[in-house]
Amino acid sequence: MNATNQLAVTRLEDYRPPDYDICSTDLRFEIGDGETVVTNRMRLERRGSSGELVLDGQEVELLSVSVDDRELGSNEYRLDSDSLTLIGLADECQVTVVTKIRPEQNTALEGLYKSSGMYCTQCEAEGFRKITYYQDRPDVLSVFTTTIIADSRYPVLLSNGNLTADERLDDGRNKVTWSDPFPKPSYLFALVAGDLALLEDTFVTASGRPVTLKIYSEPHNIDQCEYAMEALKRSMRWDEEAFGREYDLDTFMIVAVDDFNMGAMENKGLNIFNTSCVLATPETATDQSYLRVEAVVAHEYFHNWSGNRVTCRDWFQLSLKEGFTVFRDAEFSGDMNSRTVKRIGDVNLLRSVQFAEDAGPLAHPVRPASYIEISNFYTPTVYEKGAEVVRMVHTIVGAAAFRRGSDLYFERYDGQAVTTEDFLAAMTEASGADLSQFQRWYDQAGTPSLHVTSRTADGTLTLSITQSCPATPGQPEKAPFHIPIGIGLLDDQGVSLVDSTLSCESDSELEIRGDTALLHLKSEFSEVRFADLPEQVEVSFLRGFTAPVKVDFDRSNDSLSFLATWDSDGFSAWDALQTMLVGEIEQLGVSATVTEGVVDLYEALLDQALANTSATAEENFLLAAKLAIPDENYLFEQVDQVDVDQICSARDRLRNTLGCRLADKWRTLLEANDLESAYAPDSLSMSRRALKNCALGYLVEDLDSETLSALLKGLYEKADNLTDRRAILISAVNIESDSELSRELLRDFYDRGQDQALVINQWFAVQSTGRYCNSKTLDMLLEHPAFTLENPNKVRSVLSLFATHNPRNFHAIDGGGYELIADNVIELNGINPQMAASLAKPLTRWRRYAGERRLLMRNTLGRISTVDKLSSDVYEIVTKSLV
């Protein structure tokens with residue numbers, strides 16, 4: 001290893017409150033060519049016993065430091081590469097720090113940097129220290145006033161809060177001042193300077209107060225912002241109605257930025273967005289992109305309360321704001337579109353990605369105990385599993401009590417930095433529920449497993465449930481979790497047997513909620529008994545996915561098929577089919593033929609769909625989700641040792657059999673959902689496109705090349721939107737290697753979108769995830785003029801998607817996929833450490849893979865670990881994975 005093995009570890013147990021409060025922060029930015037001078041004037045009050053003030057700072061040049069307007073000599077402070085320390089300060093004083101920074105050279109995209117001609121910031125988690133010296137921690141809240149001075153090339157100058165001054169200086173430069181009346185930590189600071197176009201609207205709050213809404217982007221993108229504006233207004237109204245949260249400033253602003261490490265950032269009053277999360281038109285965004293824009297706009301807006309007005313005490317509490325807000329945006333998306341399919345999508349992500357993280361060397365609790373680099377903990381565990389933890393609280397206490405608890409939480413802790421214990425305390429007080437054991441969900445890593453058996457005798461069904469959780473790094477033993485388990489019972493006609501008259505008992509707490517029995521499993525083992533039941537009963541287990549757990553419940557294909565067809569809980573119906581398909585793919589590892597029962601079930605589902613000529617969006621979305629075969633990442637998480645070739649081959653055979661055996665029905669489904677009307681991003685139209693393109697994916701399995709070419713060309717020429725065009729292109733690219741048809745459609749797709757970065761990202765993504773894209777193909781994409789390692793969206797569309805969504809080629813047995821990713825991790829390490837660390841993560845799961853691949857992946861990680869000057873981001877990921 002190199003010198004980076006001396007990097008400091010930050011631990012939750014070592015948390016100490018800051019010694020000083022920063023009551024006010026007055027910032028002045030003078031933006032010039034090649035350098036920006038930042039003057040930071042802070043009014044301080046001592047709160048601890050020490051008179052020593054440590055200010056964080058990295059990659060900044062100190063010009064001067066003053067205390068109460070007296071400039072200090074170099075012998076009156078300590079300066080190193082990470083901090084500025086002032087000694088012997090009074091209980092109250094004013095400290096002024098002047099620094100110089102070079103945004104144009106900032107390729108890491110943290111702090112202040114330049115992107116496509118505009119200056120912008122990203123300060124979460126620890127980017128503010130790359131702007132000036134400061135107590136850069138979330139529990140230091142200050143009232144900010146920001147003055148920005150720049151020349152006429154940057155007429156739009158923005159920061160947090162309300163605009164209080166705007167003038168033209170004698171030298172022709174522009175000068176503006178923004179004041180934010182709400183105290184905030186430094187990670188929520190934002191600044192933008194550029195020549196930007198504006199889309200403006202107005203929202204009237206529930207109390208009748210008008211709020212000006214502004215979305216800024218580069219001029220050529222402004223016509224793609226209207227959908228985001230409408231999504232913003234829907235989000236604001238929903239948050240008032242669902243959570244009683246009203247916006248608090250005069251203006252709410254969004255700025256779209258091409259170069260951005262994250263999806264978006266909730267800076268108070270000035271959200272900065274990756275363009276992929278705000279721009280949308282039929283020609284530049286797919287249906288999934290539209291849904292993502294709506295969800296991310298909502299997520300960042302909801303942070304105004306769950307994250308900004310009430311923030312986290314330290315970065316270990318990150319899920320306090322992120323998990324809660326992901327839960328809130330999921331509820332919003334469910335209300336706006338299909339609640340069932342939103343739930344299915346969230347569970348798919350958990351099982352494919354978060355469960356994998358829980359099972360790997362980087363497993364950590366929702367509230368981690370330690371870190372080297374906090375940017376490595378913006379993970380599915382903190383976000384998605386964190387949201388599931390909040391959802392379980394909602395399930396346990398009920399909707400009404402949860403609303404009372406959230407109201408209490410916001411009111412009690414407004415303007416404060418708090419912990420997960422504070423959140424649970426508010427929920428406990430509002431509901432009366434005992435959530436003391438529930439805290440383990442925040443503190444223990446790993447995915448719990450439920451082993452379930454059932455037996456029936458004399459009209460009584462007994463379910464025996466055992467919970468366990470495997471060892472994870474640093475946590476060899478786990479105490480039992482409080483797990484809410486939704487259970488449904490169906491008779492042979494699919495009618496629910498659960499209601500208030502059901503005779504049931506358990507050694508655990510059990511309550512009836514509508515057509516679901518909710519069991520509170522708190523011990524390692526529990527039994528629940530349902531009496532006076534008919535002879536045939538099917539168990540719908542873990543309805544709605546009431547807890548993020550794995551379930552081992554042996555059921556026959558007949559039972560699973562029945563539930564997939566008749567269960568009124570849409571998630572459970574989908575889950576039953578997924579379980580059946582996972583078993584089918586497992587048996588195809590040793591059998592050459594697909595089970596007839598699987599084909600029969602698909603045929604029955606298709607017949608039901610074709611007979612329903614007035615299906616709702618909910619019904620269409622659910623059917624499309626059911627018909628989709630689990631992807632490879634989902635399947636990999638169902639086995640202890642991954643045999644890539646066997647799983648991919650079995651999945652291919654299942655897909656081919658269903659496509660060929662049911663070809664006529666797939667064609668009919670495609671034709672029935674081939675819309676004649678112009679594109680519209682409404683739920684019903686989206687759901688019908690989802691069915692059409694699902695049918696197309698199966699139908700291509702049965703067609704000869706000439707017929708297939710004619711079909712795809714005809715559909716492509718007719719398509720008036722990117723959703724359909726992309727689906728057709730995927731079929732062309734995946735059906736045959738480097739065919740004349742795929743080359744023709746790839747050229748046309750590129751030509752249509754060559755001036756739109758987001759379309760070109762889709763063009764890259766279709767190829768990097770393609771069946772025939774190997775490391776040599778990827779090399780050609782990396783050399784394409786439209787690709788650059790300095791743009792995170794390009795890195796994600798080519799390299800990240802190849803490593804995470806093209807398993808048969810990333811895991812090529814010659815190791816070429818691993819080596820290519822490692823080469824780019826090493827190169828990115830010096831450009832953008834956050835992106836480099838993210839790109840390295842697929843290699844960290846080497847223990848899960850069988851045979852030679854395991855050694856190849858481990859050796860590739862070892863090569864990365866020997867690189868000189870490895871960033872803390874990459875170092876932490878790689879070294880933890882090699883232990």
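In this predicted model, D738 is found in the loop that runs between helix α18, residues 722-735, and helix α19. Although D738 is not a glycine, its phi is positive, at about 50°. The residue has a relative accessibility of 53%, and because the threshold for exposure is over 50%, D738 counts as exposed.

With 68% relative accessibility, D532 counts as exposed.

Two other loops deserve a look. In the loop between β11 (118-122) and β12 (143-150) lies A125, and the peptide bond that leads from E124 into A125 is cis, with an omega near 5°. D68 belongs to the loop between β5 (61-67) and β6 (70-71), where its relative accessibility of 44% makes it partly exposed. When residues up to four places away in sequence are set aside, D68 touches C93 and Q94; the C-alpha atom of D68 is also 10.0 Å from that of A90, a residue 22 places away in sequence.

Returning to helix α19, one can follow how it packs. Helix α19 covers residues 740-753 and helix α20 covers residues 757-768, and the two pack at an angle of about 160° with their axes 8 Å apart. Since angles over 145 degrees count as roughly antiparallel, α19 and α20 are therefore roughly antiparallel to each other. The crossing in which α19 passes α20 is left-handed. On the side of α19 the contact is made by L746, F749, Y750 and G753, and on the side of α20 by V759, I760, Q762, W763 and Q767. Sorted by class, the residues of this contact comprise six nonpolar and three polar ones, with no charged residue.

How are α10 and α14 oriented relative to each other? Helix α10, residues 570-587, packs with helix α14, residues 644-661, at an angle of about 115°, their axes being 8 Å apart, and they are therefore roughly perpendicular to each other. Their crossing is right-handed. In α10 the residues L581, E584 and I585 meet I647, A650, R651 and L654 in α14, and this contact of α10 with α14 contains five nonpolar residues and two charged ones but no polar residue.

A further pair is formed by helix α26, residues 852-865, and helix α27, residues 872-882, which pack at an angle of about 140° with axes 10 Å apart. The two helices are therefore oblique to each other, and α26 passes α27 in a left-handed crossing. R858, L861, G862, I864 and S865 of α26 make this contact together with V874, V878, S881 and L882 of α27. By class, the contact of α26 with α27 has five nonpolar residues, three polar residues and one charged residue.

In soluble globular proteins, nonpolar side chains tend to be buried together. In this model the largest nonpolar core has 282 residues, and those with the most contacts inside it are Y602 and L799. Helix α5, residues 380-397, contributes the largest share of this core, namely nine residues. If its neighbours within four places in sequence are left aside, Y602 is in contact with L577, L581, K626, L627, A628, I629, L658, L662, W666 and Y698. One of these, L581, is also among the α10 residues that meet α14.

The last stop is a charged residue, E538, which lies in strand β32. Its relative accessible area of 12% means that E538 is buried. Not counting residues up to four places away in sequence, E538 touches G488, L489, L490, S559, F562 and L563. The C-alpha atom of E538 is separated by 46 Å from that of W763, which lies 225 residues away along the chain, and W763 is one of the α20 residues in the contact with α19.

Methods
Residues numbered from 1 in each chain as written. Predicted model: local features only at pLDDT ≥ 70, side-chain atom pairs only at ≥ 80, totals over all residues. Heavy atoms only, no water. Axes fitted to C-alpha atoms, helices over the stretch in contact; angles between N-to-C directions. Helix = DSSP H or I, 4+ residues; strand = E, 2+ residues; numbered from the N terminus. Parallel < 35°, antiparallel > 145°, perpendicular 65-115°, else oblique. Left-handed = near helix turned anticlockwise from the far one by under 90°. Contact = heavy atoms within 4.5 Å. Nonpolar A, V, L, I, M, F, W, Y, C, P; charged D, E, K, R; others polar. Core = buried A, V, L, I, M, F, W, Y, C linked by side-chain atoms within 4.5 Å. Buried < 20%, exposed > 50% of the residue type's maximum accessible area, 1.4 Å probe, protein only.
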